[in-house]
Structure formats: C-alpha cells, structure tokens
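Have a look at the model first, and then we can walk through it together.

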Amino acid sequence: MVIQPKVRGFICTTAHPDGCARNVEEQIRYVQSKPRIDGPKNALVIGASTGFGLSTRIAAAFGAGAGTLGIFFERPAEGGRTATAGWYNTAAFTRAARRAGLYAGNINGDAFSDAIKEQAIETIRRDLGKVDLVVYSLAAPRRTDPRTGEVHASVLKPIGRPYTGKTVDVSSGRVTEVTLEPATDEEIRGTVAVMGGEDWRMWMEALLRAGVLAEGAVTVAYSYVGPEVTRPIYRDGTIGRAKDDLERTARDIDGALRPIGGCAYVSVNKALVTQASSAIPIVPLYISLLFRVMKDKGLHEGTIEQMHRLLAERLYTGSAVPVDELGRIRIDDLEMRDDVQREVAALWERVNTDNLALLSDIEGYRADFLKLFGFGLEGVDYEADTDPFVPLEG
C-alpha cells in the first residue's frame, strides 16, 4: 500500500515503516558519531518506543554498548491499517541492535500491570541477570490500578481557576485564544495516579524484591518545568501536580536504593515535539517560538541530543551527578537560558495568525510532528508501495 499521513487533531493515524526506520537510523548515526559513553551495561527502558524513551534506549545501546529490554504498548498492522509508529521504531531498533551484536529484548503490553512487571523480571533474570539502569518514560491517557482495578484518566487542565491563553492550530496556522476550565478534585487525583510516581515506585519495588537490580543501579524518570507562559496549564496545572508527585517519589526511591548503592533522579528535559506534548493546548505555539529562537542561536536539540547529553554529561561522567536545588537533573538548561526566554516572551506578545510564519518555526514544528510517524524523512520514497506488516521480535 502507498502510506500517506492522515492527521486528525494532534495525532496521525498512519505511520510509515521505512520512514520510522530512517528516523531510528539517523539517531543511531548521531550517537555513533560521539565518543563512547562509559555507561550502563544493561538497561530496562519502560516506555521505550517513541520520544525520549526511544532516544534513551538508542543512546544507551549505541553509545555505551548496553543490552536493553524495552517495555511499550504498541499495535501491529492489521487489515488496511498501519502499525503504530512505536511498533515500527522498535522493530528498526531491534534489527539494528542485533546486527551490532547488542542484546535487544522487547515486551509489548500494559506497563502499569503486575503481569508485565513479572514478565520483565523473568526476562531480566533469564537474559541479562541484572540491570544497572532503569528508565521510566511512560506517557499515557489512562491507567488501571493493579491493586484496586480502578481506571484513572489524566486531563490537561489548570487548577483553581480558568486559564485563557494563546494557542495555534498547527495545521492551519491560525492563532487564537483558548480558555480551559479548571480541573475537579477527581480529575487532579486521576492525573496524579496516571502521570505521577506511583507506578514508577511499583516498578522499582518489584525489581528490588526480585533482586534484579545491579549494585549501584540508577533509575531516572522524565519531567518538565517550562517558562512562565506555560505555567498555568503545565507546571501549575494537573500535569504539574503529577510531576510534583513524580519528584517526591524520586526521593523515596533514592532512599530505597541506598542499600545497593543506587540512586534515583528526575531529569527535567527540553520542550520538544512528542506525541504527548502535541496534545497540550498552548504548548505547540510556545515550542514553535522556542525552536525559532534556539535554532537562530545554534542551541537547538532533539530528543537524541538531549538523551545522549543526559547519559554522557550528567549520569555517567565519573563524578557526582549535577542537580539543582530540588535534586533534579536539568537538561532544559539551554531552553531556560535568560536570553532565550526573554526573546521567546517578546515573540509571544507579538505573535498572531498574520505573522506566525515570520516570528515562529511553525514549519519546523510541523516537520517534527510528521517525523514522529515516519513522514518527511529524506531518502524515503513515499509514493512507493510499502508493506505495513513488519515483524517485531521479542
């Protein structure tokens, strides 16, 4: 079939296997162009098929030579429907890793469930013995609590009062104002249950009990802080409440890992185009302005540059891991530079539908969005018949 992008709102319902493979190959080449990282030997990546999780898996494998076990929840091709981008990404990564002689195991299922945790533990015991890096990079709209069976849903809302701010329709380029009503207490609780630290804690407790964490094991989960302009909807909103919980959980996990000499960190990453960020009102407009400023200054990074820097310049330097006053690793340091944020804030005040193309990098945002699904990659023939049925080995 000829596979073209079909975009609905903030999601693309098709994915291109050859384009996804090319995206993975480009990330691998970037990592291979850098000095080798004296990093993890075996890594468990929970949420390994897209975005920051995929890039961390690539950086650990091809930067440090790590064996990796990836956990994800993706759908294969069926009938006239393509597989999800994460399926194709993981298939491409697995092929490349095994060609390079690296262990690459995969578990496709609900990472929130006890069954997948047990399957991961048994796979580690059988294939790796122990892991010395655990990456927690899940982004999901809902979660079923394995203890109670309750289904929690996450929402993207402010807390306390409505918020009105600028937003952009990425497809049309129309800049408008959007008003978001405040979350209820139940919505706040649900968002924390899905996106907070509870499941990360469950993973680490299970791995500790099973004895599959190596001496000195490190675990890291991902967060975001962002600027004042996104604060009401992000850091001061429901997602921010969940991230506060995630950061508190990191301190608890850190204490639990001390007997084996381990550590737990939250890494605050840069604003980038991911499937998760695309769903947040206001954020795509901010990212488009940010890209313009950072590209003009030669500071722009994608997920692979971010995650390579996390491993090479933060976690595995041979010295103490640098953290901020709250104990967080900051890989958003370039985004949050004073000069960058001043220029973005000035553009935010001026931007409208008429000057969007001039003031922002909306085209770069659109290109990065399509790239998530394997479209717009150089060297891929998008007019050719392509087999969507790509096998994914465990």
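The second largest pocket draws at least two lining residues from each of α1 (17-32), α2 (51-64), α9 (303-315) and α12. Helices here are DSSP runs of H or I with at least four residues, numbered from the N terminus. This is a predicted model, in which local features need pLDDT of at least 70 and side-chain atom pairs count only at pLDDT 80 or more, while totals for chains, interfaces and linings use all residues. Residues are numbered from 1 along each chain as its sequence is written, and side-chain values use heavy atoms, with hydrogens and water left out.

**The second largest pocket**

- Its space comes to about 490 Å³, a volume being the space filled by probe spheres set on grid points that are joined across faces, edges and corners.
- A pocket is an open set of points on a 1 Å grid over the protein atoms alone, where a 1.4 Å probe fits, with protein on both sides within 12 Å along at least five of seven lines; lining residues have an atom within 4 Å of a point.
- The lining of this pocket has 22 residues, and N23, Q27, G302, T303 and K371 lie nearest the centre.
- α1 gives the largest share of the lining, 4 residues.
- Sorted by class, the lining holds 6 nonpolar, 11 polar and 5 charged residues (nonpolar: Ala, Val, Leu, Ile, Met, Phe, Trp, Tyr, Cys and Pro; charged: Asp, Glu, Lys and Arg; polar: the others, Gly among them).

**α1 with α9**

- These two helices pack at about 35 degrees with axes 10 Å apart (axes are lines fitted to C-alpha atoms over the stretch in contact, and angles run from 0 to 180 degrees between N-to-C directions).
- Q27, Y30 and V31 of α1 meet T303, I304, E305 and H308 of α9, where contact means heavy atoms within 4.5 Å.
- That contact has 3 nonpolar, 3 polar and 1 charged residues.

**α8 with α12**

- Helix α8 (residues 283-296) packs on helix α12 (residues 362-371) at about 110 degrees, with axes 8 Å apart.
- The pair is therefore roughly perpendicular (65 to 115 degrees).
- On the α8 side the contact uses P284, I287, S288, F291 and K295, and on the α12 side I362, G364, Y365 and D368.

**α2 with α3**

- The axes of α2 and helix α3 (residues 85-99) come within 12 Å and cross at roughly 0 degrees.
- α2 and α3 are therefore roughly parallel (under 35 degrees).
- L54, R57, I58, A61 and F62 of α2 meet N89, T90, F93, A96 and A97 of α3.

Definitions and conventions. Parallel < 35°, antiparallel > 145°, perpendicular 65-115°, else oblique.
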